[in-house]
Amino acid sequence: MNKNRKKLIMDAILNWLKSMIGPIIILLVIVAGVLVIRFYKPAEVPTETIMVNSYAGEESSFVMENDKLKFELDAANTQFQVTNKTDDSVWYSNPQDAKNDPISKSMKLEQEKLQSTLLLTYSTKDGVDTLFNNYAYSMAEGIYNIEQGEDYIKVFYSIGEAEKEYIVPEVITAARMDEILDGLSKKESAEITDSFKKYDINNLKKRDNKEELLEKYPLLETEVIYVMRDTVKDYVKVKLQDTFAERGYTYEEYLESKGEAGGANDKPVFNINVIYRLEGNELVVEIPFDEMEYQSKYPLYYLSVLPYFGAGSMEDEGFLMVPEGGGALINFNNGKVAQNSYFANMYGWDHAISRESVVHETEMYFNAFGISRNDASFICILEDGAPYAGINADISGKKNGYNFVHPQYTLLHREAYEMGDRAAGTIYVFEQKLPAGEKIVQRYRFMDGGSYTDMANGYRAYLEEKYPENLQMNTDENAPLMVEIVGAIDKVKQILGVPVSRPLELTNFTEAKDIIGDLLGEGISNLSVKMSGWANGGVQQKLLKRVNVVSDLGGKKKLQELSDYAAANNVDFYLNGITNYAYDSNLLDGFFSVLDAARFVNREKAEIHPYSTVTFAAREGQDPHYLLKGELIPQMIDNLVKATDKYNTGVSFQDVGRELNSDYNRKDLYSRSHVLESQIEQLSALDAAGKKIMINMGNYYAIPYSNFVTNMDLSGSVYTIIDEAVPIYQMAVHGYINYTAESLNLTQNQEQILLESAEYGAGLAFTVMDETAFSLQNTLYTEYFGAEYDSWRDKILSTYNRYNEELGHTFSQKMVGHEKLNSDFTATTYEDGTVVYVNYSYDIQTTPEGQKVSPRDYLVVKN
């Protein structure tokens with residue numbers, strides 16, 4: 001009994017001890033946490049010191065010159081002018097009469113901005129943005145330097161709340177001073193020591209306050225020191241700087257001496273260097289990222305480069321050209337002062353930056369803007385750094401009296417991070433650093449005339465010079481017709497009472513073959529076909545780690561038969577694919593979002609939501625998709641290409657050549673410029689191998705390697721500040737590549753898109769399916785309601801046949817001219833003299849030669 005009792009007691013004790021293990025461990029963790037908090041002292045973060053520039057040169061100006069241009073920079077403020085020797089036009093970095101501008105005269109900040117060559121916005125972790133202009137924060141303070149080389153002029157700007165800085169000790173020990181003076185003559189030594197005051201704690205003068213000196217210079221307690229006098233002039237400091245440098249004095253010693261003199265400046269200061277070069281009739285402006293300096297607590301957010309170069313005054317005549325659609329003009333002084341300024345993102349939105357709502361997508365697909373002023377003009381071509389740019393343009397009469405356009409670069413991208421219960425409010429997380437080795441390059445090409453046709457010709461010449469091997473004139477004798485055939489979409493079905501997404505056949509491969517045969521039978525010869533929704537679940541494809549043909553469409557055998565039929569009949573046949581995203585994908589599809597999704601700056605997965613066109617917010621009840629991590633996208637491109645190779649087809653990219661998306665994964669960053677270069681590398685290799693390539697929209701860098709562009713935004717979005725839409729990009733590329741606008745049967749205004757196609761030299765596109773619109777009920781694909789082939793067949797044939805008969809011969813020619821005869825009447829001219837008149841009005845229009853053009857119609861006049 002006693003033994004049993006003892007055993008029970010021991011068991012009870014053991015159980016009690018076991019039950020206490022968890023609480024004891026928790027208690028120990030809490031105690032450890034308290035001790036860490038109580039006694040932990042964070043390591044001191046060293047002060048980030050930015051060396052401040054200064055200029056004390058004797059030159060009043062710096063000049064570069066060639067047979068086309070003359071560049072003159074004023075050393076007093078670094079503003080400059082460029083003279084075009086062809087027409088003697090002079091272009092200024094800043095308005096010459098800005099100080100007398102009546103509109104901004106009472107606004108100090110606007111006056112400073114007008115006299116600046118850089119506008120810089122920095123931020124903080126709290127998301128507070130501050131604008132610095134380099135007139136007030138650099139030029140006026142003289143904290144810049146200038147260097148001229150054999151073929152360049154370089155300006156080193158320090159921008160911020162800082163004084164001129166010279167690498168001369170503010171405090172130096174007597175022992176180190178003796179080393180500096182060693183070997184110098186008595187006179188040379190005196191020239192140095194006269195700028196300093198010597199202090200010895202054991203031999204102070206009566207007027208010296210010992211306590212104040214020790215507080216200010218703690219080193220004085222153990223060392224004899226020299227302290228620079230406050231009265232030393234800047235020109236003397238320049239000489240001292242050279243002498244100290246020659247005697248081996250280092251920048252590290254200088255920083256130490258600043259600490260001895262009371263510490264480094266902790267106010268925001270930025271170093272940005274601008275390089276100017278002349279290349280023929282071009283001014284090239286370069287800003288290296290690796291030379292930008294900033295304190296991590298003040299991240300660089302935006303940078304505007306030469307914001308008022310070439311700005312037109314209220315007395316000037318001219319226009320601003322922005323790359324909206326194929327090009328758009330904003331007339332000087334157009335009086336639209338109540339309208340918003342123009343701004344759009346180069347190459348569209350970076351989907352690795354999250355958005356709470358989407359009101360309007362801005363996307364520019366060519367990399368140039370320009371200014372025409374008093375019958376002279378230039379275009380500025382954005383090269384390196386363009387993926388980070390947006391184009392900003394505005395007219396006179398708002399905050400100042402000038403019309404201007406310039407790029408604004410987003411440098412260190414940021415994301416909001418909700419603190420939740422841990423703290424009130426929101427903090428912002430920024431990219432850790434600027435992309436290594438990258439830079440901004442802006443190429444200003446000066447034209448021989450002032451029209452937008454001159455600008456288009458200049459841009460075409462740029463492309464021809466840049467891509468001489470890739471841009472070759474095509475030999476088409478007929479207008480291009482692109483037909484997209486929709487294979488399958490995804491639709492939710494009930495399987496054993498469980499909702500499951502399954503492919504829904506809209507056009508199988510045999511039916512697609514019949515559609516192609518029907519069009520060929522009607523005499524259409526320049527036919528290109530894009531097959532969408534053929535693999536991995538349909539139009540919104542699952543991840544392309546494995547490419548599986550949708551079996552409901554007929555499988556691999558029928559797809560091969562379709563491809564063979566197209567090839568035998570000289571039809572360019574493309575299989576379409578999505579390479580940037582994972583739709584409705586899971587582990588069974590090879591997708592694990594934790595590992596495979598790109599990251600926002602705040603380290604969250606790049607989850608992309610569809611947005612409502614009514615509320616502009618994310619649609620409720622509709623699943624998001626994921627942007628793929630940077631290293632996966634090239635693999636998906638390769639997988640798609642290999643799949644198309646099996647069937648001997650061309651490849652159509654839904655997103656490559658249209659989108660540039662970063663991946664802000666801190667361990668493996670992919671910047672937009674990195675992605676651009678990656679796309680170029682893969683497209684170039686495919687083109688060199690003879691692969692036919694179809695892309696959407698047609699970003700300029702992808703054009704040289706592509707065979708066909710679909711869904712090109714011809715006229716762009718309607719901004720009220722814009723006065724005219726014009727085909728500048730199309731004048732540059734027409735004849736080199738075929739392109740179409742969106743499908744005529746899916747657009748909201750078929751007549752308008754047809755007229756724009758005639759004006760902009762585009763081919764025609766249609767999207768079709770074999771099934772009726774009824775099959776789309778209870779799906780998310782309402783955009784295909786107008787895609788039934790049988791309903792559109794006759795309209796496709798009649799529209800194309802007339803278009804081809806009248807315009808077919810122009811597609812192997814350059815577009816050499818364009819004119820707005822009035823606000824609703826245009827004329828497009830080709831190399832052989834053919835003129836295409838387009839009447840957008842609801843009245844009859846008359847050509848200069850007297851021909852009548854019916855309302856909402858086009859007329860082709862052959863020479």
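**Close-up views of a predicted model**

Phe-592 is partly exposed, at a relative accessible area of 36%, where buried means under 20%, exposed over 50% and partly exposed in between (1.4 Å probe, protein chains only). The model is predicted, so local features need pLDDT of at least 70 and side-chain atom pairs count only at pLDDT 80 or more, whereas totals for chains, interfaces and linings use all residues. Residues are numbered from 1 along each chain as its sequence is written, and side-chain values use heavy atoms, with hydrogens and water left out.

**View A. Helices α10 and α11.** Helix α10 (residues 509–521) packs against helix α11 (residues 555–568) at an angle of about 10°, their axes lying 9 Å apart. That angle makes α10 roughly parallel to α11, a term for angles under 35 degrees. Among the residues that meet are Phe-509, Ile-516 and Leu-520 in α10, and Leu-559, Leu-562 and Tyr-565 in α11, contact being heavy atoms within 4.5 Å.

**View B. The salt bridge of Asp-596 and Lys-545.** The side chains of Asp-596 and Lys-545 meet at 3.6 Å, N to O, a salt bridge being a side-chain nitrogen of Lys or Arg within 4 Å of a carboxyl oxygen of Asp or Glu. This pair links distant parts of the chain, with Asp-596 in helix α12 and Lys-545 in the loop between β29 (527–532) and α11, 51 residues apart. Asp-596 is buried, with a relative accessible area of 10%, while Lys-545 is partly exposed at 33%.

**View C. The salt bridge of Glu-361 and Arg-355.** In this pair the closest N and O atoms are 2.9 Å apart. Arg-355 counts as buried at 19% relative accessibility, whereas Glu-361 is partly exposed at 34%.

Key: Axes fitted to C-alpha atoms, helices over the stretch in contact; angles between N-to-C directions. Helix = DSSP H or I, 4+ residues; strand = E, 2+ residues; numbered from the N terminus. Parallel < 35°, antiparallel > 145°, perpendicular 65-115°, else oblique.
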